[in-house]
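Reader: Hi! I've just opened my first protein model and could use a hand reading it. Can we go through a few spots together?
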Amino acid sequence: MGGQWHALPWSNHNHNLLRLPKENDKRKLPFKLNKPKLELHPRRVHQVLDEIPLSNSFAWNQLIQTHLSNKHPQQALSVYHGMMRRGVQPDNHTLPRVLTASRLCSNLALGKQLHAHAFKLGFSSDLYVITALIEMYGRLHHVETAKWVLDNAPTSNSVAWTMLAKLYLMHNKPHSAFEIFNRMLQFKAEIDPVGLATAVATCSLLKSLQQARKVHQIARECGLEYHLLVSNSLLKMYIDCDSLEEARSVFDAMPIRDVISWTEMIRGNVKKGGYNEALKLLRRMTRAGIKPDSLTISTILPACAKVPAHKQGKELHTYLLRNGIDMNLIVQNAFMDMYVKSGLIELASNVFTSMVERDVLSWTIMIMGYSLHGQGGRGIDLFFEMEKDSSLEIDEFTYAALLHACVTACKVDVGKFYFNRIQAPTLTHCLLMVALLGRAGLFDEAQTFIEEHQIENSGDVLRAMLDGCRIHQQAKMGKRIVEQLCELEPLNADNYVLLSNWYAESGKWDMVDKLKMTIKDMGLKPKTAYSWIEFRNKVHVFGTGDVSHPRSQIIHWELQRLMKKMEEVDGPSSVFSLHDVDEERECILIGHSEMLAISFGLISTQERATIRVTKNCRVCRSCHHSAKLISKIVEREIIIKDPNFFHHFKYGNCSCGDHW
């Protein structure tokens, strides 16, 4: 840090500078400043400027500040232009304001001229001017130019250091920003809450728990740990560094919490999958008298998107409407997404219909939502409607949603047409095309497509083909694909389970036993099937053949009763079904987890109430057939969410059209 400033870091810096006025100098300036149009009539503007005393720089500064506060930087520059014409000498309060105006107008040339003014007027050591120059160069030129200003300034303070660190963060250079913080400590600069919060933000980007704890310790030593800005920053830092426990320790110790504090803790729990805890925090927040804002709502909604928590999502929506909380586009999109993922597709549709403004994400969520709920045709129609809006730019995610809808509706021609319109198809787009061709039974065409796009080594692509084999009962082709999966992903236990189940379907029990030994010898752990259902704010989980539930006896009795009725109507047929788990193949139908959950829902809820079940793996074909019959017998809608679809069983039919 020298006592003199060196040459400025740009060429020809002495040319075309604003000439500083001498006292009472009213000659024309030797440059031409682009003069913006003012809201006031030109005569009135000159009248106002003429009424300000030439010696009163305070009044000029206030007028400039007023324009800045009203977000009229061009008018602030115009006032400065008039100030110079009348020979008024700028002071150390004028230059920072005009530098801000030049930055807001992206006028780097004027900023450089004002830098020269700082030299000539003797403000080179003024901290306000230095900080304004750092921000101007950092935003309009280059952050290294801003660093040059600070390095060559005769003096500095924590505000200037912090500004430079923020600029490094803005340019996604967290390592450089943290180095600035270390230099602050080295030069023993005063650490204020803003500077500390900036250092904490740096750790968030670095995701370095070691550095995070170091900065936290500095906050303790400075006595700023419980300053609200610092505490909230620490919360975010620990959450970004995946240390929810340390974030919770900070949160619990905070003497004062605001909406930001609660929102961060909710975000941390949602990020870690702690949806129930996130919902508990929201309830505590409202009991503490703190109203959630739009960011809180969009943060908590992923927790409400879990089927068992859909009631909380609906209650939250009602709360927002009653309390007049801002329902901006982000929140509306989040509510749509929540309703789609909660199995409440019509409520999602209602939100979409009521939206005054929609962006690409709004359309994409709804197109994908219809597809996930077996209404691919509606999704395609919605895309056609979206195309009519020329202001919307269709992106890769929207095309993926459309292709998904084509798969659901089995619209091969539409899928092919729009796939060919994608400029750079991703693996996801190709995967969906394979799924579409497989679902339509066009296996030769699907194989040609796979070879042309060189995606034969993708496990997901092979699984998409396998889905087509399930639908069209292509047992031999299914076996060949499963064998390819075992070769491609030798450490994936689920592939061996699929192969084992194929052998079981073919009665080759020696091969079944051999594969079981292979899985055991390799130390692989196949997934276990679970289904769950919510009743009276409690989640009831069922495994295959589960008899541990307190009401297990009546659950099985109800299933046996339904099975007899199904046999009278149309007993389940034996079809080619590659089970995802061994235990389901080996267990009788009434022991399957989704059947147990459905039975529990029937004996526990009111007549005609919708039964909502979630399963962690694909619904087997036998259970799918049984669920259709049960919905017809009991005259209830049954919704089963598996990893791929929402199956809406109603009046003996399923929304998936028996293709999933």
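This is a predicted model: local features need pLDDT of at least 70, side-chain atom pairs count only at pLDDT 80 or more; totals for chains, interfaces and linings use all residues.
Author: Happy to! From α21, the residues G376, G377, G379, I380, F383 and M386 touch T398, Y399, L402, A405, C406, T408 and A409 of α22.

Reader: Nice. How many nonpolar, polar and charged residues does that contact have?
Author: The contact of α21 with α22 has 8 nonpolar and 5 polar residues, and no charged ones.

Reader: And at what angle do α21 and α22 pack?
Author: At about 145 degrees, with the axes of α21 (residues 376–387) and α22 (residues 396–409) 7 Å apart.

Reader: Is their crossing left-handed or right-handed?
Author: The crossing of α21 and α22 is left-handed.

Reader: New topic: what pLDDT does the protein average?
Author: The average is 86, and 88% of the residues score at least 70.

Reader: Last one, I clicked on L295. Which helix is L295 in?
Author: L295 belongs to helix α16, which covers residues 294–304.

Reader: Does L295 count as buried or exposed, and why?
Author: L295 counts as exposed because its relative accessibility is 53%, and the cut-off for exposed is over 50%.

Reader: And how far apart are L295 and I330?
Author: In sequence they are 35 residues apart, and in space L295 and I330 are 8.5 Å apart, C-alpha to C-alpha.

Notes
Residues are numbered from 1 along each chain as its sequence is written. Side-chain values use heavy atoms; hydrogens and water are left out. Axes are lines fitted to C-alpha atoms, for helices over the stretch in contact, and angles run from 0 to 180 degrees between N-to-C directions. Helices (H or I, at least four residues) and strands (E, at least two) are DSSP runs, numbered from the N terminus. A crossing is left-handed if the near helix is turned anticlockwise from the far one by less than a right angle, and right-handed if clockwise. Contact means heavy atoms within 4.5 Å. Ala, Val, Leu, Ile, Met, Phe, Trp, Tyr, Cys and Pro count as nonpolar, Asp, Glu, Lys and Arg as charged, and the others, Gly among them, as polar. pLDDT is the predictor's confidence in each residue, from 0 to 100. Buried means under 20% relative accessible area, exposed over 50%, partly exposed in between (1.4 Å probe, protein chains only).
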